[in-house]
Structures are given as structure tokens and as C-alpha cells.
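Hi there,

Here is the structure I promised to pass on to you. Have a look at it first, and then read my notes below.

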Amino acid sequence: MDRSRRDAIEDLLRRIWVEKESGNSFSCGESPASGNFSDDELIEELKNKNLVSRDGDVEKLTPKGEEKASNIVRRLRLAERLYSDLLQGEDEDSSAKFACRFEHILNDEVTDSVCTLLGHPPTCPHGKRIPRGSCCQRSEKELHSLVKPLTDFAPGAKARIVFISPSFHNRLDRLNSFGVLPGAEISLHQKKPTFVIRLGATEIALEKEVAGEIFAIGIN
Amino acid sequence: MQNDTLLLVGNPNVGKSALFGKLTGKYVTVSNYPGTTVDISHGKYKNGDIEYDVIDSPGIYSLLPQSEDEIVTRDLILEHPDVKVVLVLDARNLHRGLVIAHQLNEMKVPFCIALNMMDEAVAQKYHIDIEALAAELGVPVVATVATIGSGIKELHSAITNSAVGECQGECPVDIETSAAKIVELLGDTGFSKHITRFLAIGYMVEPGSLPESLKPKDLSGIATVAEDMRRQYSVSISSTMSKCRQKHVSKLLNRIDYSAGNKTGDFAVTLGRLSMHPVYGGFIALAVLWLVYQFVGVFGAGMLVDFMESTLFEGFLNPLATKAADLIPLPAVRDFLVGDYGIVTMALTYSLAIILPVVGTFFIAFGILEDSGYMPRLAVMANKVFRKMGLHGKAVLPMILGLGCDTMATLTARIMDTKKERILVTLLLALGVPCSAQLAVIFGMLGSISALGLIIWIGVVSLVMFITGSIASKILPGENSDFILELPPIRKPGIMNIIAKTGSRVEWYLKEAVPLFILGTVILFALDRSGVLVVIRDFAAPVVQVFLGLPEQATDAFLVGFLRRDYGAAGLLDLQQQGLLDGTQVVVSLIIITLFVPCIANFFVMIKERGLLISVVMSIFIVIMAVTVGGLMNFVLTSLSVVL
């Protein structure tokens with residue numbers, strides 16, 4: 001199968017998955033066709049591969065298709081993170097373009113490495129969920145993560161917050177309201193008896209438990 | 001004359017209350033501790049032909065409300081369609097404050113900006129281009145230093161020229177689309193379309209934030225839209241929104257070349273850091289406590305009380321009052337005024353001669369600590385200790401204030417983030433934190449027995465607090481909050497600020513607490529006259545004598561202790577001086593009186609703040625706890641034949 005056709009199929013699978021995520025059902029023809037191939041044609045192929053089944057007049061992912069599609073979404077969103085966190089791309093359009101191209105060349109193993117490198121981020125830069133991979137469950141650390149929780153930094157370190165992975169929603173909101181947001185540059189003042197970080201002119205004290213959920217990358 | 005509403009809005013601890021004071025000439029407690037404004041203050045201010053009703057609001061981070069305070073502030077905007085807003089910003093912290101400017105723009109509310117604390121920003125070499133900022137935002141911006149009143153004149157004209165800002169942050173398209181759907185479903189809200197859109201976004205962020213009056217009969221429509229959005233934004237919509245806004249603000253600040261100064265080597269900064277150091281911070285805390293003890297315990301409770309009580313009241317005022325009372329032919333009235341439980345001899349002597357000097361000096365010391373910015377750093381040091389009681393570092397403010405006056409401390413329990421924590425603070429204050437007046441007597445009594453007595457007293461009371469706190473935090477329903485606290489800069493306490501603050505607290509004491517002492521004394525007088533006191537004493541005597549191993553007269557002290565905690569302690573002191581208490585009995589009775597129900601003033605404030613039911617349940621628990629622990633200690637100390 002030629003490359004562009006494979007990409008088109010992957011795009012379609014991803015679109016079906018994303019529609020489902022936003023609570024809509026996917027039916028052919030509603031969204032623009034992928035490249036040179038018509039949706040109908042591609043759907044046929046997905047059905048043959050037992051990735052999609054028809055339920056009434058909607059296309060549904062089979063368990064096998066679901067797995068494949070969520071992997072594709074995972075790759076795409078990780079690629080977006082890679083672009084915005086490490087390469088510090090500002091502009092969201094170019095981040096999406098970069099990610100689109102990049103996702104197709106990532107294989108599973110590289111995807112897990114990227115995920116680990118980024119500290120197993122839970123969401124893409126737009127705030128949507130990144131499907132978890134097997135590396136996240138193991139929460140691998142053998143491959144040295146560049147992005148790590150604040151608790152792993154030494155006092156005096158400067159860091160840029162990459163993402164926050166809170167156990168409670170209102171914890172995130174409280175942090176946000178102080179300006180503790182992805183992209184913010186902070187310096188870690190002390191770790192004992194309580195964590196103190198400095199952000200601009202503000203000093204903020206927070207508990208270890210909270211600090212452990214703020215993931216950042218060291219800067220000089 | 002026209003009548004408009006002016007609302008002061010801004011992040012916590014940026015000087016809204018100070019500015020309010022300068023505009024209205026009314027003093028509200030100004031504090032260097034985030035979140036101290038819990039009541040909304042109103043005042044008047046005249047600007048040209050317009051008289052404004054000025055409203056001081058609690059500090060907020062966002063108008064997309066996530067906390068009670070934020071809902072309160074947003075609703076103040078909704079309730080006053082003619083409102084003008086003064087957005088008060090900390091000039092050193094524009095990143096955070098300007099988020100609110102964006103939100104005001106979205107709601108199309110006219111406002112102007114006061115860049116406050118400009119003096120500190122200049123001292124720290126901040127680069128702030130005020131004109132460029134005003135041009136970017138399209139609203140008037142003035143620099144102010146609220147504490148000394150500079151920039152207020154310029155603020156007058158800025159208020160007059162308040163405008164709807166131009167710059168606007170965009171939301172992600174799908175959030176915008178969903179907001180539009182919700183707006184449609186809400187129908188006519190009576191608010192402008194901008195405000196309605198803002199409320200719709202607020203609803204997606206936090207469903208509870210939608211004003212009750214706007215809720216459609218059938219919530220399911222808007223709930224589905226919001227639910228869909230929330231499912232997609234697995235982290236949270238508010239986080240996505242804050243990120244968007246923050247990005248806009250950062251870009252704007254980059255355009256005007258806003259930059260922070262360099263402030264290394266600053267003595268105050270170094271001091272602030274040392275005070276949170278795991279080792280030095282502990283020493284500093286001890287040194288501070290020692291200084292406070294010297295000032296309040298030795299100077300206030302010792303020297304001042306001595307002067308007020310022996311010289312002024314007993315040497316002069318009371319004999320005078322007694323002589324004057326002798327002219328009254330009715331003995332009952334005479335007793336009412338100058339008898340054992342007389343208003344002058346008991347209520348006024350105690351409240352003015354004994355408590356006022358202690359509470360007054362305590363308020364001064366507390367004011368200095370508060371204004372200097374030390375309290376939040378003490379919270380950092382004490383966080384772990386309070387965690388063991390089911391609370392966190394923020395509780396340090398009410399708990400330390402409780403060592404001065406539990407009644408006032410109960411009022412400040414509001415700074416805790418959740419209802420459960422407020423209940424817990426109220427309970428622990430009532431149970432185990434002795435107020436300054438009581439402490440003075442307790443230290444006096446323990447001083448005359450061995451040091452072991454003091455250690456046992458502190459140990460048992462702390463242990464009871466830790467156990468009660470940790471169990472109660474597991475049993476009570478509700479949430480615990482995280483310890484996330486902003487640390488204001490360390491600064492030299494302002495003399496005027498401390499005088500004003502102490503003044504308003506003493507005024508509160510004289511107006512609110514003294515009348516309650518008088519009421520307490522009246523109740524006691526009535527109980528004594530009617531013979532009820534004897535009945536209660538007879539009823540409680542077996543418990544006191546057998547279970548607690550104390551003389552019968554101690555019952556009086558405990559009973560009186562409810563009307564004034566320190567009366568109770570003072571009653572025990574009397575017994576000790578008469579030689580009726582041995583060492584063990586001193587320790588047991590002091591443990592009981594410390595743990596025992598709070599004074600009548602505290603009880604009224606508990607009811608006001610936490611409701612009648614909770615207060616009564618707490619009080620019953622406390623009485624049982626105090627008697628049980630006392631009995632247990634009596635048993636342990638007697639069986640081990642500890643000599644104190």
C-alpha cells in the first residue's frame with residue numbers, strides 16, 4: 001500500500017475517534033475527504049480489515065479499530081506536545097502542521113520514548129486528553145525524562161512548567177489562578193519544610209503533594 | 001446629584017482595602033495577609049458631581065468564579081448595571097492581575113486601572129510603561145501608592161474617564177461555539193449579550209456559578225452542552241481558558257516591554273527566606289514567640305495589669321464606686337453594682353483592668369507580625385504541624401490570634417478555604433487554645449509549682465488537640481483544601497497601619513466583647529441570687545470531688561469559666577492562693593479549664609458563624625472531653641503518686 005493511502009486511512013480512523021470523543025457520531029461525507037481518496041472507499045477498506053463496523057447508519061470502531069485509532073491520536077497529540085514543549089513552538093497552527101507530518105513517522109517504540117521524555121503528559125497543548133500508552137502505566141524513568149515533577153528538582157533550580165497533572169480539578173484551578181500555568185517560568189526556592197516557588201514577583205508556598213503534580217523542564 | 005456604583009476589584013493583597021480607605025475616608029482593616037477582606041465594605045465618595053457608592057470586594061484571581069469570593073465579586077458586577085470598576089493591580093504582578101482586565105473587557109464593563117504599590121515596583125527597578133499599557137488596554141491607567149495616598153488625585157479623573165477596554169482575548173473556537181449554544185438555551189437573561197456569554201462560559205467551568213435566577217427550568221439542555229465540553233477538555237476548561245488569557249497578557253506585556261527588576265541582596269528578601277529556612281526559620285519562630293511573650297506576657301499581663309488592677313481599680317475606682325453605691329438604700333442594687341458579682345467590681349474590673357491590657361498588647365504584637373508579612377511565613381513553617389490536626393498552614397493566623405482572643409479568632413476562621421476546615425478551626429479554638437487573659441493566670445499558677453506541671457499541661461492540651469483534630473477531620477463530611485499560599489513581601493511594619501489596626505480591634509473589643517462580659521456577670525449575679533448556683537454546684541459537686549479530685553469550690557470556677565474563660569482561671573488562682581489546691585489538683589484543674597467550653601462571647605460568635613446546631617454539638621462534646629480528660633489525668637497522676 002502506498003504511503004499516502006496509509007496516511008489517509010490513519011487520518012480517517014483518527015477522525016472517527018475524535019468525533020466519538022466529542023460525543024458525536026461519524027457518518028461519511030460530513031467531513032472533508034482525506035486527500036485523494038474518498039471516505040466511502042476508505043471506509044470499505046477499514047471494514048474489510050475489521051477496524052470499523054456499521055451500526056445503523058453510523059460507522060463505529062471495532063475494539064481492534066479503537067486500539068489502532070487511539071494509538072494514532074496518541075501519536076499526534078504527543079507530537080504536538082513535543083513541538084510546543086521542547087521545541088517551544090509558539091504558534092498553534094504550525095504546531096498542528098508539524099504534528100501532522102511527524103505523527104506518521106513515529107513507530108510505537110519511538111512514541112513511548114517521546115512520551116517518557118515528555119514526562120508522560122496527560123493532555124495535548126490544547127487541553128485534550130492524550131490516550132495513555134503502556135509506558136505511562138509503567139511510568140518509566142529508565143530513559144531520563146527531561147520533563148519531571150518539581151519534587152525532582154534541586155532548590156535554586158529554574159524551570160519552565162510543561163504541564164500540571166492534578167488529582168483534583170480545583171487544585172489545578174487554584175494553581176492557575178496564581179499564574180502557575182504551563183509555559184510559566186519559575187524558580188524553586190526551597191523544598192523544606194514546604195515547597196516555595198517564585199514566579200515573577202510572587203512567592204508561592206505549596207505542599208510537596210501539589211509540587212509533585214507540577215511537571216517542568218529545567219532552564220538556565 | 002448622580003449616584004453611581006464604584007467597585008474595587010483585584011487580586012488578594014494588592015491594596016484594595018487601603019485604596020478604599022483613601023477614597024472614602026473610612027478605615028477597614030488593612031492587612032498584609034492574603035484573603036483578609038471577608039466582609040464587603042461600603043462607603044461614599046464624591047467625584048465632581050457624582051456621588052459613588054464605593055464597594056470593597058474580596059480578592060479574586062478570576063471573574064470566572066471558582067470560589068465563593070469570586071462568585072460574590074462577580075455578582076456585585078451583575079447586581080449593579082451602572083457599575084464602574086477600579087481594577088487594582090500590584091504593579092509588580094501585572095501578569096496575574098491583567099487576566100481580570102481581559103474578563104472585564106469581555107463583559108464590557110467600564111473600568112480604570114490603579115497600578116498600586118508603585119513605590120515598591122520603582123524600588124525594585126521594574127520597567128513599566130504606563131502610557132503604553134493604557135493605550136494597549138484602551139482604559140485609563142494611573143500609578144498609586146495607596147498606603148500613603150499618592151496618585152489618588154489622578155485616580156479621581158481616571159475614574160471619571162473609565163472606559164470599556166478594547167483588547168480582547170479569544171477562547172478556543174469549540175468553547176466559543178458551546179457558549180453560544182448555552183446562551184441560546186438560556187434565552188433572555190436580562191443581561192447584555194456579553195455578560196450572558198460570560199456567564200455561559202462560567203457555567204461550563206463551574207456549573208454552580210450560574211446565578212439561580214438564570215437557571216432554566218430544564219437544565220438538561222445546557223448541562224449536556226457543558227458536559228460534552230468538559231469531556232473533551234480532560235484537564236479542565238478553566239485551565240485551558242486561563243492558559244489562553246495568560247498568553248494574551250504575556251504578549252501584551254512583551255509589547256510594552258514590562259520587565260521585573262533585580263532584587264537580589266535586598267535585606268528584606270533575605271530575611272523572608274531565612275524565616276522559612278528549615279533550621280533558621282525554627283529559631284526565628286522561637287525568637288518571635290519569645291519577644292511576643294515578653295511584650296504581652298511580661299509587660300502587658302504583668303506590669304500593665306498590675307497598674308490597672310491594683311493601682312487604678314482596686315486602689316482608686318472600686319473604693320470610689322463602693323462609696324458611691326453606699327448612698328443607694330437598696331442592698332440588692334448595691335450588690336448588683338459592687339458586690340461579689342457586681343458590674344463594676346467584677347465585670348468592669350476584669351474586662352478593663354485585666355483583659356484590656358493583655359488583649360491590647362497582644363493586638364499590637366499581632367499587628368506588627370501581620371503587617372510585616374511574617375505570618376504567611378510562619379504558616380509555611382507550621383504547615384506540617386497543622387496537617388496533623390487535619391488542617392494546614394493557613395490555620396496559623398486564627399490559631400495565633402486565638403492566643404489573644406478566641407472570640408476574634410473564631411471570626412477569622414473564614415480565611416480557611418472549605419466549610420469543613422472552618423468548623424475544625426472553630427472547634428479547636430474553643431477546645432484547646434487558651435486566650436491571653438487566661439494564659440496570664442495559667443502561667444502564674446503553673447509558675448508556683450514544678451516545671452513538670454507546665455510540661456504536663458502543654459503536653460496534654462496539645463495531645464487532645466491533635467487527637468481531636470485528626471479524628472474530626474476524618475469523621476466530618478466535606479473537603480480538605482490544599483496548602484497553596486501566596487507569600488507577600490517582607491516589609492517594615494507601618495506605624496500608622498499598626499495604630500489603626502490595633503485601634504479598630506480594641507474598639508471591637510470594647511463594643512462587642514465588654515457588653516458580653518457585663519451580660520455574663522449579670523447572668524452570674526442572677527444565678528447566685530436565685531440560688532440556682534447552689535443547685536448546680538450540688539449537682540456537679542460529686543463529679544468534681546470524686547471523679548476530678550478537686551475541692552467543691554472549683555465548681556464555681558468552672559461555671560464562671562463559661563461566662564468568662566479567665567474568670568474561671570482566676571477563680572482557681574484564688575483557691576490556690578488559699579492553699580486549697582495541691583500540685584496535682586492545679587494541673588488537673590488547669591487542663592480542665594483550658595479545654596472547657598469557651599466563654600459566652602466566643603459561644604455567641606460560634607453561633608453567628610457556624611450556626612446554632614453545630615455550636616451546641618461542639619459545646620457538649622467539649623464539656624464531655626474536658627471532664628473525661630481531667631478525670632483521666634487525676635487518676636493517672638494520683639495512681640502514679642506524681643508530686644508536682
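This is a predicted model: local features need pLDDT of at least 70, side-chain atom pairs count only at pLDDT 80 or more; totals for chains, interfaces and linings use all residues.

**Where the two chains meet**

I204(A) stands opposite E486(B) in β7(B). That strand of chain B, residues 484-487, runs antiparallel to β7(A), and four bridges join the two. Strands (E, at least two residues) and helices (H or I, at least four) are DSSP runs, numbered from the N terminus, and two strands pair if DSSP finds at least two bridges between them.

Residues are numbered from 1 along each chain as its sequence is written, chains are lettered from A and ligands numbered from 1 in the order written, and side-chain values use heavy atoms, without hydrogens and water.

Counting contact as heavy atoms within 4.5 Å, 39 residues of chain A touch 41 residues of chain B.

The rule finds five salt bridges across this interface, each a side-chain nitrogen of Lys or Arg within 4 Å of a carboxyl oxygen of Asp or Glu. One to look for is R171(A) with D482(B), whose closest N and O atoms are 2.6 Å apart.

On the side of chain A that touches chain B, α7 (169-177), β5 (185-190), β6 (195-199) and β7 (202-206) each give two or more residues. Of these, α7(A) gives the most, with nine residues.

Enjoy exploring!
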